Amino acid sequence: MNIQKKRTLSWIDMIITLSSLEIMAYFYYGARTLIIAGLCMGVSFICDWVSVWFMKKKYVSDDLMSLADGLAIALMMPASIDFRIPVMACVFAVIVGKNIFGGRKNIIFSPCAVGYLFALTSWENQVLMYPSPDRKLEINAENAVLSRSLSYDFNNTGNINVSDFDLLIGNFRGAMGTVSILLLIVVATALLCRRAVSAGAFTGVISGILFMSYICPLSDSRAESLKYIIATNMFLFSAVYIVSDKRVAPINNYYDFFYGLFTAVVTYAIILTTAKENMLPAISVIMTPTALVFKSMQMRADTAKNEKSKKSLNTEEAEFNAG
């Protein structure tokens, strides 16, 4: 299977798994979630196509990742969000986060993280207020009763009053596609088996959270701290679709492990000291220089290895000719 086909299949894997999360969002909140998803995917595709056209490049299957980016941004929003906010987030993610900084082959930032961070800093009050999942929303969301997320409660108190079953199925306040923990575990396993995401980066994130939950628990016990931090703060979703994004993470599992580890440790430290919620997407953008340093180290190591192999081959050839 050639590289182009592998990349195309990985984009399909991402869209399929994100669609499963969208189905859960529809189950809880109704048709409004489908409208948000459709708008985000359509706007992302159009912005990407126009950007590629302006750069006088050919639109190829790699660019269809913009559909997955748009869907991911939609799922990171409250189900009650004003339609204009995720649309503007997608425009910013594709044009600024992706195409201005390198385009399809040289992406520096995760477009999903850039789009979400833009929405968070521009419309924080709307992005961080969530409806309860116990009622389906009208299209205009006039029947939505908004309150702070479970992440907010956990970060500020260290304890939350939600059963383990509700945590697993996503029956609590949060971004519409990031709270179905059991489904996210299945999705992460599938993507790792398909090699559609970086196994090293994902392992690094989990290791970082395990380490920090052990030495600095946010709850009364280390086990509860780990359980709640994984279930809240958009952690598992971001670990899969943002930090483990192969377009951003270093290629070598050794380097991308430490990239994921450092990102998780910094994120946990920010939550511990400021109680800010949903920080993993923001920290992944801030940690971009770390990923670039690791990529540079990897390139130098690969170059040195190739030169050594070439030198060894030339030596063997010279000895053979001399003999």
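Begin with the second largest cavity, which has a volume of about 40 Å³; here a cavity is a set of points on a 1 Å grid, laid over the protein atoms alone, where a 1.4 Å probe fits but cannot get out, and a volume is the space filled by probe spheres set on the points, which are joined across faces, edges and corners. Select I209, I229, N233, F235, T267, I271, M279 and L280 to see its lining, lining residues being those with an atom within 4 Å of a point. By class this lining divides into six nonpolar, two polar and no charged residues, where Ala, Val, Leu, Ile, Met, Phe, Trp, Tyr, Cys and Pro count as nonpolar, Asp, Glu, Lys and Arg as charged, and the others, Gly among them, as polar.

The model on screen is a predicted one, in which local features need pLDDT of at least 70 and side-chain atom pairs count only at pLDDT 80 or more, while totals for chains, interfaces and linings use all residues. Residues are numbered from 1 along each chain as its sequence is written, and side-chain values use heavy atoms, with hydrogens and water left out.

N233 sits in the loop between α11 (222-231) and α12 (235-243), with helices taken as DSSP runs of H or I of at least four residues, numbered from the N terminus. Its phi is near 60°, a positive value in a residue other than glycine. N233 counts as buried because its relative accessible area is 3%, and buried means under 20%, exposed over 50% and partly exposed in between, with a 1.4 Å probe and protein chains only.

From there, move to the largest cavity, with a volume of about 70 Å³. It is lined by 13 residues, of which S151, G174, T178, N233 and M234 are the closest to its centre. The lining of the largest cavity has six nonpolar, seven polar and no charged residues, and the structure as a whole holds four cavities of 30 Å³ or more.

Now select N278, in the loop between α13 (253-274) and α14 (280-286). N278 is not a glycine, yet it has a positive phi of about 55°, and it counts as buried because its relative accessibility is 3%.

The second largest pocket comes next, with a volume of about 200 Å³; a pocket is an open set of grid points with protein on both sides within 12 Å along at least five of seven lines. Of its 14 lining residues, select L120, E124, L128, K276 and M279, which lie nearest its centre. Both α5 (111-122) and α7 (150-157) supply at least two residues of this lining, and the largest share, three residues, comes from α5. Seven of the lining residues are nonpolar, three polar and four charged.

A190 belongs to helix α9 (residues 181-193) and counts as partly exposed, because its relative accessibility is 34%.

Finish with V50, which has its place in helix α2 (residues 32-54) and, at 30% relative accessibility, counts as partly exposed.
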